[in-house]
Amino acid sequence: MSRVKCEMFSHFVYSEVLTYQELLDKENELGDALREILASFGGSYISFVQDGDSLLAQCAFPEFEQSVFHGICKQIMPILDDKVAARFLFVDKYLERVSLCVADNNAWYESSLNLPANVAELLAASGHKEGEKIKKA
C-alpha cells in the first residue's frame, strides 16, 4: 500500500524590488522554513529547485487533506511578506481532486476542483452534450 496519496507542487516568485543579496537571503529563509513546515504536516520527499527569480518546491503527503493545505498556507504567510508570491497545487494520487492555494499581498486564497472520472462526467462538467463532437487532444 502506498504511503503517498497527495503530491504538492509550489512556485514562489520574488519581487523585483529585492536586491540580489536580499533575494538569496529570502530564498534561504523560505527554503528552511518551508522544509520545516512541510515536514511538520507529514510531508516527505521534499525537493527544491531555484529558477531565476523564483523557487520551485515539490513534496509528497500521506493523504489529500484540506486542513493540511490550510495549515501550510497559514504558517508560510509570515515568511512571504509582500516580497514573495506563492502558489501551491495539491494533486490527489488518483487524479480525483486538485486544490490550488495562492498567497500574495499578505493573504491566501483557495480553489478546489473534483476532476471528472470518465468521458460522461467530463462532458457534463464542460457543458457538452453526449454525442457532441469535441476537440480531441
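Biologist: How many positive and negative side chains does the protein have, and how far apart do the centres of the two sets lie?

Modeller: In this predicted model, the protein has 13 positive and 21 negative side chains. The centres of the two sets lie 10 Å apart.

Biologist: How far apart are Glu36 and Asn105, in sequence and in space?

Modeller: In sequence, 69 residues separate Glu36 and Asn105. In space, their C-alpha atoms are 23 Å apart.

Biologist: Let us turn to the fold. What pattern does the protein follow along the sequence?

Modeller: The order is β-α-β-β-α-β-β-β-α. That corresponds to 3 helices and 6 strands in the protein.

Biologist: And what box do the C-alpha atoms fill?

Modeller: Along the principal axes, the C-alpha atoms fill a box of roughly 60 × 35 × 25 Å.

Biologist: What share of the contacts with a separation of 6 or more comes from residues 24 or more positions apart?

Modeller: Such residues account for 57% of those contacts in the protein.

Biologist: Next, the surface. What is the accessible surface of the protein, and how much of it belongs to carbon and sulfur atoms?

Modeller: The accessible surface comes to about 8,700 Å², and 54% of that belongs to carbon and sulfur atoms. Of the 137 residues, 33% count as buried.

Biologist: Now the aromatics. How many aromatic pairs are there?

Modeller: The count comes to 5 aromatic pairs. One of them joins Phe61 and Phe90, a tilted pair with 6.3 Å centre to centre and 50° between the planes.

Biologist: Which strands hold those two residues?

Modeller: Phe61 lies in strand S3 (residues 54–61) and Phe90 in strand S4 (residues 84–92). The two are 29 residues apart, and the pair links distant parts of the chain.

Biologist: Why do Phe61 and Phe90 count as buried?

Modeller: Buried means under 20% relative accessible area. Phe61 counts as buried because its value is 2%, and Phe90 because its relative accessibility is 0%.

Biologist: What about Phe64 and Phe69: what kind of pair do they form?

Modeller: Phe64 and Phe69 form an edge-to-face pair, 5.0 Å centre to centre with 80° between the planes. Both residues are buried.

Biologist: Which residues form the aromatic cluster?

Modeller: Phe12, Phe61, Phe64, Phe69, Phe88 and Phe90 form one aromatic cluster.

How values were computed. Residues numbered from 1 in each chain as written. Predicted model: local features only at pLDDT ≥ 70, side-chain atom pairs only at ≥ 80, totals over all residues. Heavy atoms only, no water. Helix = DSSP H or I, 4+ residues; strand = E, 2+ residues; numbered from the N terminus. Buried < 20%, exposed > 50% of the residue type's maximum accessible area, 1.4 Å probe, protein only. Contact = heavy atoms within 4.5 Å. Areas by Shrake-Rupley, 256 points an atom, 1.4 Å probe, with all protein chains shown as cover. Lys, Arg positive; Asp, Glu negative; His and termini not counted. Charge placed at Lys NZ, Arg CZ, Asp CG, Glu CD. Phe/Tyr/Trp six-rings, centres within 6.5 Å; stacked < 30°, edge-to-face > 60°.
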